[in-house]
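Thanks for coming. Please have a look at the model on the screen, and then I will go through it.

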Amino acid sequence: MVALVPAAGRGVRLGAGVPKALVPVGGRSLLSRAVRGLLASGRVQHVVVAAPPDQVEVVAAELAELPSAHVVPGGAERTDSVRRALDAAAQVAPDARVVLVHDAARAFTPASVIQDVVDAVEQGAPAVVPVLPVTDTIKQVDDAGDVVSTVDRARLRAVQTPQGFAIDVLRDAYAAAGDITTDDAGLVERLGGEVRTVPGHPHALKITTAFDLAIAESVLAPAEDRAPARTGAEGPQDAGEPE
Ligand SMILES: Nc1ccn([C@@H]2O[C@H](COP(=O)(O)OP(=O)(O)OP(=O)(O)O)[C@@H](O)[C@H]2O)c(=O)n1
Ligand SMILES: C[C@](O)(CO)[C@H](O)COP(=O)(O)O
């Protein structure tokens, strides 16, 4: 089993000043956590990471402890990064029949989600995505931002990663891809391919904004990695800090 990890994004919405994949949470980068999570699932033997093109050596050093992780330069769009990793997978894992595509930004995805996706592909589904029901009311608006309608959310799902594929299905989808898409299963859909869903998990959220990062630091990072809680015995706090 080979997993592709697109990690070449800049993280503009996070605004951390470094590529998002290299942002640490609890002393370990999002990328390192995502790759270790895939390997710890017990279902992934090889990982191909698409790094920001100017950070390939930095990313390789970040993953140096993980000999099953390989690093290639990513591209301008997520689709370009996945395509480059998929091409490299032919050398890294030539016998792989199943491939996962997993955002570095979904660094806290539970092993059970990874295992469920792999199981569904191995049981014959050509493409599998983990999903969550939409919990907010959804409205469609016009160009002015005025509400046009309220969408029936009963059949809406928010899509996470890892997304799993029979590797030939993903190769065919990328060979046919004309435009960029926001997810890989979208390319399979365009070819009329079947895409199955399995339950996702709130912890598999995509860390996109500073708020998401705060959630990761305070809730998702293992307790031993978190900054110690204040006891009140540390002495005076910074001026201006709320009591
Ligand atoms: N050219 C790109 C753009 C995105 N990604 C990866 O795709 C995943 C999902 O993208 P997103 O979370 O939107 O990351 P960014 O593109 O970095 O975010 P932003 O749009 O805020 O810059 C991330 O792991 C990101 O590194 C990638 O490999 N190559
Ligand atoms: C692949 C993905 O994470 C599934 O939700 C998502 O589509 C990525 O989209 P982004 O706009 O590039 O963050």
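**Helix α4 and its surroundings**

I start with α4, whose buried residues pack against α1 (30–40), β6 (98–101), β7 (127–133), β11 (163–166) and β12 (196–199). Packing here rests on contacts, meaning two residues whose C-beta atoms, placed from the backbone, lie within 7 Å. Helices (H or I, at least four residues) and strands (E, at least two) are DSSP runs, numbered from the N terminus. A residue is buried if 20 or more other C-beta atoms lie within 10 Å of its own, exposed if 12 or fewer, and partly exposed in between, with C-beta atoms placed from the backbone.

Before going on, a note on the source. This is a predicted model, where local features need pLDDT of at least 70, side-chain atom pairs count only at pLDDT 80 or more, and totals for chains, interfaces and linings use all residues. Residues are numbered from 1 along each chain as its sequence is written, while chains are lettered from A and ligands numbered from 1 in the order in which they are written.

Which residues of α4 are buried? They are Val113, Ile114, Val117, Val118 and Val121. Seen down the axis of α4, these buried residues fall within an arc of 130 degrees, so they line one face of the helix. The arc is that of the directions from the helix axis to the C-beta atoms. Just after α4 comes Gly124, with a positive phi of about 120 degrees.

Next is α5, residues 167–176, where Ile167, Val169, Leu170 and Ala173 are buried. Their arc around the axis is only 160 degrees, which puts them on the same side of α5. On the other side of α5, Asp168, Ala175 and Ala176 are exposed. The cover over the buried residues of α5 includes α3 (78–92), β6, β7, β11 and α6 (185–190).

Now the ligands. Around ligand 2 we find Arg78, Asp103, Val159, Gln160, Thr161, Thr182, Asp183 and Lys206, each with its C-beta atom, placed from the backbone, within 6 Å of the ligand. Ligand 1 has 22 residues around it, and Pro6, Ala8, Gly9, Arg13 and Ser81 come nearest.

Last, the whole protein. How many helices and strands does the protein have? There are 7 helices and 12 strands. Of its 243 residues, 40% count as buried. Among contacts in the protein between residues at least 6 apart in sequence, 68% join residues at least 24 apart. The C-alpha trace spans about 60 × 50 × 35 Å along its principal axes.
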